[in-house]
Number of protein chains: 2
Amino acid sequence: MSIEKPYLLFLGDVPDQLAAKTATGVVDWRPDWCVGQTRLEGCKADTGLPDMTIAEGRAAGGRTLVIGAVNPGGVLPDNWVASVVEAIEAGMDVASGLHMRLGSSPEIREAAERRGARLHDVRHADRQFATGKGFRRSGKRLLTVGTDCSIGKKYTALALEREMSARGFDAEFCATGQTGVLIAGRGVAIDAVIADFISGAVEWLTPEAAPDHWQIVEGQGSLFHPSFAGVSLGLLHGAQPDAFIVCHEPTRTTMRNVRTPIPDVADVIDLTVRHGRLNNQDIRCVGISVNTSALDAAEADACLRQLSERFDLPAVDPIRMGVLPIVERLETEFPRP
Amino acid sequence: MSIEKPYLLFLGDVPDQLAAKTATGVVDWRPDWCVGQTRLEGCKADTGLPDMTIAEGRAAGGRTLVIGAVNPGGVLPDNWVASVVEAIEAGMDVASGLHMRLGSSPEIREAAERRGARLHDVRHADRQFATGKGFRRSGKRLLTVGTDCSIGKKYTALALEREMSARGFDAEFCATGQTGVLIAGRGVAIDAVIADFISGAVEWLTPEAAPDHWQIVEGQGSLFHPSFAGVSLGLLHGAQPDAFIVCHEPTRTTMRNVRTPIPDVADVIDLTVRHGRLNNQDIRCVGISVNTSALDAAEADACLRQLSERFDLPAVDPIRMGVLPIVERLETEFPRP
């Protein structure tokens, strides 16, 4: 799917900033794609973009209304449905990362059919994929992997795309989760694909490319997570990465929503290399990305230094200091012509 | 899903025996569940069961018409649809392992709604699963894994169930593929589950059980197959097996439908143990099941002896000689009270 830009971001009437993190993610990484925000009475979230009505957003060039907030109940409340229908009537497409499909609202479905609007339910993969083949494809790929879920894989990939582009690399973020798809304007929510087609969907997402083009693939889950390791392995095989980065949070002891201990970074590197060699013999780790938000500055420095020395790899907190040391490592490992 | 027994097996008018391998599999492993077969004019397949009309099959006690053959085009031809509708009108449910859903035929859907018949599309997993949790469950589990797809994992699991039951074990085959589901009368086609729920679906399929109850779980794919390794890993995590058997075909050089070399049995054992320990520290390999059909008797003996000595494990061809040596190994490794 490819979502028409620019976006008008819809925040509804959510009660806090966290509920609008999809919208803030889009603004953080793709400010040029956003014409403004639309909020309903009582909304407590704010992306900092100009407030506008749907008509004003359309007049400002908005092509797609992006549902950038999550209603606590997980469904579309009636007053949100009215806004979505208004956007469709104004000539816009609509994109949503909610579990509930936009078309499951009869009002929205009928309006979209009448106006020919496209409804993007980015959490659902409606297209058919082939099974993965494992053949080597031209171009270069980097994958962010993790010691757990929700540990900075998307953020790290986006930070790398930005820093690599600034250094003159031809780099492209490839989204594999619903927020990532809204930020990239295309992609596949890989955890929503039928199990037989995980690696095939990633092969579709990261096709053959120019030799110096880098696809920066957003990782999902962890090879060590008892819920999602199958997704992580299919993603690794499909992406056939030349390089990978391990994302880590040093104060977590067990993985999210289960009792399984967080694995050691060494085990993640070792098993990622072992599985990755199936489709790319040259796979290597090029850095460690650490979320040190639970540490003070001195602790964070010590943690990063220790990881860097132990693995002889750049170790960075992408929020505190950016990812430049990892990009420099990439330049050394994969010299450009 | 749980399919009502006994079955009336429908073979349609397929042109050869291979096209009816689902029906022959059911007859091989569950002869007591089958009242007979129904064939159309020109059918060249034969399960050896008595031929009967649908009315006769129903009168003989048949509760479910099982589509036991595959039409070359992958769809339900009109003359098959008529038989399915006739079975529904006679008061039977219908089960199918075809890609095409039974209910996608308006005649079948309307007849099923009118008569309250259940339509089992065993290749599609329509129920919702939770994500996998990885918590240890009581009871014992054995998983068949493989160096490739289509290498004897289902056959080995069924042979084990039969031999273990004969030796007094409390053993139960747990199906993870469409043919297996028709043979077991329940199960999940795991490759058709949404990627996020692979291990969760297997946890549902293999719940807590009595301490000496053995769930014999049908494996899928291979950890080394570039198309399906994600399915295999989620299945391994969900099954949290105490014991596993490696299924192998010694003359294959590359995996099915791809160019990837067949892995060494040692690598399959090593990586299965490594991943399996996430949810079960005691996981161990208890045997090797080899399809030696491409070898003559002397070659087969040499192959099995060499594998057995190399890994200090029983190595058998389940078709040539059965799986008793593996069951004896299980008795030694997991003594019964």
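How many residues does the contact take from chain A and from chain B? In this predicted model, in which local features need pLDDT of at least 70, side-chain atom pairs count only at pLDDT 80 or more, and totals for chains, interfaces and linings use all residues, side-chain values use heavy atoms, with hydrogens and water left out. Residues are numbered from 1 along each chain as its sequence is written, while chains are lettered from A and ligands numbered from 1 in the order in which they are written.

The contact (heavy atoms within 4.5 Å) takes 37 residues from chain A and 37 residues from chain B. Between the two chains an area of about 2900 Å² is buried, of which carbon and sulfur atoms give 57%; buried area is here the accessible area (1.4 Å probe) that two parts lose on being put together, summed over both. Four salt bridges are found across this interface, a salt bridge being a side-chain nitrogen of Lys or Arg within 4 Å of a carboxyl oxygen of Asp or Glu. One such salt bridge is formed by the side chains of Asp267(A) and Arg274(B), at 3.9 Å from N to O. The number of residue pairs in polar contact between chain A and chain B, both residues at pLDDT 80 or more, is 13; a polar contact is a pair of N or O atoms within 3.5 Å, where within protein one must be able to donate a hydrogen and the other to accept it, and residues adjacent in sequence count only if both atoms are side-chain atoms.

On the side of chain A that touches chain B, the elements giving two or more residues are α7 (198–205), α8 (229–239) and α9 (265–276) of chain A, with helices (H or I, at least four residues) and strands (E, at least two) taken as DSSP runs numbered from the N terminus. The most is given by α8(A), with six residues.

In chain A, six strands form an open sheet with parallel pairing in the order β7-β8-β6-β9-β10-β11, where two strands pair if DSSP finds at least two bridges between them. Strands β7 (170–174) and β11 (315–316) of chain A stand at the edges, each with a single partner strand, so one side of each is left without a neighbour in the sheet. Strands β6 (residues 140–146) and β8 (residues 213–217) of chain A pair in the parallel sense over four bridges, and Ile216(A) in β8(A) is the bridge partner of Leu142(A). Helix α9(A) packs on the sheet, touching β6, β9 (243–248) and β10 (284–290) of chain A, and its direction makes about 150° with that of β9(A); axes are lines fitted to C-alpha atoms, for helices over the stretch in contact, and angles run from 0 to 180 degrees between N-to-C directions.

In chain B, an open sheet of five strands has the order β2-β1-β3-β4-β5, again with parallel pairing. Its edge strands are β2 (34–39) and β5 (119–121) of chain B, each of which pairs on one side only. Strand β4 (residues 93–96) of chain B pairs with β5(B) in the parallel sense over three bridges, and Ala95(B) stands opposite His120(B) in β5(B).

As to backbone geometry, a cis peptide bond with omega of about 0° joins Lys5(A) and Pro6(A), and the peptide bond from Lys5(B) to Pro6(B) is cis, with omega near 0°.
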